[in-house]
Amino acid sequence: MSLLGPEGREQLRVLGHVGAVGVELVVASMLGFFGGRWLDAELGTEPWLKWIGFVLGLVAGAKSLYVLARQTRSDLGSGDDGPN
């Protein structure tokens with residue numbers, strides 16, 4: 001027996017997805033930064049690749065946020081995807 005009805009379970013599912021965005025943004029940024037730092041050490045390009053990696057990680061995290069926002073909007077039944 002569940003304490004939450006179907007609507008409550010759906011809201012918890014959406015909340016879980018939204019909570020994961022912060023983690024994805026941090027992990028993508030850190031992977032880009034540390035991956036770039038490692039490449040800088042290997043190629044002798046300090047500090048350029050670590051900052052390029054960091055920015056690419058932020059872009060990847062922002063894309064994830066955008067995709068989640070669109071998915072959440074459609075899951076909540078808005079049905080309006082904006083101007084065509």
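Against which helix do the buried residues of helix 2 pack? They pack against helix 1. The views below are of a predicted model.

**View 1. The chain as a whole contains 2 helices and 0 strands.** Helix 1 covers residues 6–43, and helix 2 covers residues 48–75. Of the 84 residues in the chain, 18% count as buried. Among contacts between residues at least 6 apart in sequence, 44% link residues at least 24 apart.

**View 2. Helix 1 and helix 2 pack with their axes 6 Å apart.** The angle between the two helices is about 165 degrees. Angles over 145 degrees count as roughly antiparallel, and helix 1 and helix 2 are therefore roughly antiparallel to each other. The crossing of helix 1 past helix 2 is right-handed. Sorted by class, the residues in this contact are 17 nonpolar, 9 polar and 7 charged.

**View 3. The buried residues of helix 2 pack against helix 1.** In helix 2 the buried positions are Lys-50, Gly-53, Gly-57, Gly-61, Leu-68 and Thr-72. An α-helix has 3.6 residues a turn, so residues three or four places apart point the same way.

**View 4. Gly-77 follows helix 2.** The phi angle of Gly-77 is positive, near 85 degrees.

Definitions and conventions:
Residues are numbered from 1 along each chain as its sequence is written. This is a predicted model: local features need pLDDT of at least 70, side-chain atom pairs count only at pLDDT 80 or more; totals for chains, interfaces and linings use all residues. Side-chain values use heavy atoms; hydrogens and water are left out. Axes are lines fitted to C-alpha atoms, for helices over the stretch in contact, and angles run from 0 to 180 degrees between N-to-C directions. Helices (H or I, at least four residues) and strands (E, at least two) are DSSP runs, numbered from the N terminus. Angles under 35 degrees count as roughly parallel, over 145 as roughly antiparallel, 65 to 115 as roughly perpendicular and the rest as oblique. A crossing is left-handed if the near helix is turned anticlockwise from the far one by less than a right angle, and right-handed if clockwise. Ala, Val, Leu, Ile, Met, Phe, Trp, Tyr, Cys and Pro count as nonpolar, Asp, Glu, Lys and Arg as charged, and the others, Gly among them, as polar. Buried means under 20% relative accessible area, exposed over 50%, partly exposed in between (1.4 Å probe, protein chains only). Contact means heavy atoms within 4.5 Å.
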